[in-house]
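Please read this briefing alongside the sequence and the 3D structure. The notes after the display are grouped by topic.

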Amino acid sequence: MKLNKFKSSEITPENFYINRRKFLKKMGIVTGTAFASQHIITSALSYTPETERKITPYKFATTYNNYYEFGTSKSDPHKNSKDFITKPWDIKIDGEVENEITLSVEEIKNMIPSEERIYRFRCVEGWSMVVPWLGFPLNKLLNKVKPTSKAKFVKFTSVYDPDQMKGQRFPVLNWPYKEGLRIDEAMHPLTIMVTGLYGKELPNQNGAPLRLIVPWKYGFKSAKAIVNIKFVKKMPISSWMNASPNEYGFYSNVNPNVSHPRWSQATERVIGENIYSPRIKTVMFNGYGDEVAGLYDGMDLRKNF
Amino acid sequence: MIRIFKPTIFVLCLIPFIIIAYQILFNQLGAEPVKQVTHHTGEWTLRFILLSLAMTPLKNITKILAWIKYRRMLGLFAFFYGTLHLLTYIGFDYQFNFDPIIDDVLNKKFIFIGFAAWLLMLPLAITSNQKMVLILKQNWKKIHRLSYLIGIFAVLHFIWLSKTIFFEPLIYLIILITLLTLRLDFIKFLFKKKSVT
């Protein structure tokens, strides 16, 4: 793929940023280039860039969130996470590894530069966004430890802090939030740890200071405010699997052919469109099939939903 | 009193409609407009169903007959908002594309029961006028007992569409159970007994 390099020494203001994107699009230049802030560099892209769909307005990406730790309504996370403290923040990587480590978010950010990734984001509830994340491939972080031969899965645990997170005072899910990936999924270059969005630092309601993004899976797989990454032998039981095993499977790949018991997965509504806009068709693996379909060769994805 | 109250309540009942109409016309619906309209109309349908079911118990408890005068109007508003709710789903959400709608009705239990609740409201709305009461006589009462079933279906619709055990559907469930329990003969008997002593 042709790579276009842009260097800018500061964070791009949002309106400017959108305009530049439009300009790039008009010029027929492939989008998906990274912009530099203090920790951001340009880098070669290993994924299908988003060229057809518009980037979701910043306002919606940061005020329409599912983050039950801060409340179950979509507007709760924005309202209730304002005073959430994310500094200092340590992340422990342990489990089936030879050398468990604990790193602060600052250390991680200094060690691994972030790049921009414009990904489609598909929620299991049937809506979608297009978000320009800032982050780095998770494998760059996981490579800091040596997993033992017993390690088969990676388990992510989010923070547990009911004093700061109102939602955790109620047993809506089995707190803290837990998610999991197979090692090959976690090591896949599309799987990223997110440090920001729209050229800015990651807002609390979007999972600050560090969250996961797995773009070919439904949004809930992408755990927020992660404090622990554990290599494990057995398939981890995620919080949503625990809440409703027949509705949420371990894999949770975006799949228009497997319907959720309560809503269709064949189509999705695009966030930010007006009331007259039709749904759009949902694509297998959220459109990242070329990159990730190989991970599931020979698997029945209806059973392994 | 009724002459002043009835038109006032009628206008009050229209407020949820005015709010959503304003939001549609002036693009104030937020990130997911279709969902906003669906939830708003759905919520008010359920509220009006429960309000209409509350009139008879209120009459029994307060011994004020006037409550009954509002029952029909509240029931018809439930039908009005329920119809808007259904039209939002068919028109805005699926753009009159009936294949996925039929698929939903047959395969998704919360949609099936919601649709069933709307269908059951139809005969009640049609037979709601005074003329029908006279024509149907004893049968009118029997037909309008369907409202209990509609209440149950509507609450189930809300419970089944909720992701986990949420607070809100439970509140509606408790209100419904209370309203239906107050209709049981032995409970009514308790009230009568009290009034005698």
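Of the 305 residues of chain A, 43% count as buried, meaning that 20 or more other C-beta atoms, placed from the backbone, lie within 10 Å of the residue's own C-beta; a residue is exposed at 12 or fewer and partly exposed in between. This is a predicted model, in which local features need pLDDT of at least 70 and side-chain atom pairs count only at pLDDT 80 or more, while totals for chains, interfaces and linings use all residues. Residues are numbered from 1 along each chain as its sequence is written, with chains lettered from A and ligands numbered from 1 in the order in which they are written.

**Chain A overall**

- Chain A has 8 helices and 12 strands; these are DSSP runs numbered from the N terminus, with helices (H or I) of at least four residues and strands (E) of at least two.
- Among contacts in chain A with a separation of 6 or more, 69% join residues 24 or more positions apart; two residues are in contact if their C-beta atoms, placed from the backbone, lie within 7 Å.

**Nonpolar cores**

- A nonpolar core is a set of buried Ala, Val, Leu, Ile, Met, Phe, Trp, Tyr and Cys residues joined through C-beta atoms within 7 Å.
- The largest nonpolar core has 56 residues, of which A:W133, A:M193, A:L212 and A:I226 touch the most other members.
- Elements of chain A that each supply at least two residues of this core include β1 (90-95), β3 (115-122), β4 (127-137), α5 (138-142) and β7 (192-197).
- The largest share of this core, 6 residues, comes from β4(A).
- Apart from this core lies another, of 23 residues, among them B:L53, B:Y81, B:F153 and B:L176.
- Leaving aside residues up to four places away in sequence, A:L212 touches A:L138, A:F156, A:M193, A:S222, A:A223 and A:I226.

**Strand β7 of chain A**

- β7(A) is largely enclosed by the rest of the structure, because 6 of its 6 residues are buried.
- β7(A) runs antiparallel to β4(A), and 5 bridges join the two; strands pair if DSSP finds at least two bridges between them.
- The bridge partner of A:L134 in β7(A) is A:G196.
- β7(A) and β9(A) also run antiparallel, joined by 3 bridges, and A:M193 stands opposite A:L212 in β9(A).
- Another antiparallel pairing, of 2 bridges, joins β7(A) to β8 (residues 200-201) of chain A, where A:K200 is the bridge partner of A:L197.
- The hairpin of β7(A) and β8(A) has 2 residues between the strands, and A:Y198 takes a positive phi near 50° there.

**Helix α5 of chain B**

- α5(B) (residues 109-126) has 18 residues and reaches 26 Å from its first C-alpha to its last, close to the 26 Å expected at 1.5 Å a residue; the expected span is 1.5 Å times one less than the number of residues.
- The buried residues in α5(B) are B:I111, B:I113, B:G114, B:A117, B:M121 and B:L124.
- These residues cover an arc of only 165° around the axis, so they lie on the same side of α5(B); the arc is that of the directions from the helix axis to the C-beta atoms.
- The face of α5(B) turned away from its buried side carries the exposed residues B:L119 and B:I126.
- Cover for the buried residues of α5(B) includes α3 (71-93), α4, α7 (138-144) and α8 (146-161) of chain B.

**Contact between the chains**

- The contact takes 17 residues from chain A and 18 residues from chain B.
- On the side of chain B that touches chain A, α2 (33-62) and α4 (98-107) of chain B each supply at least two residues.
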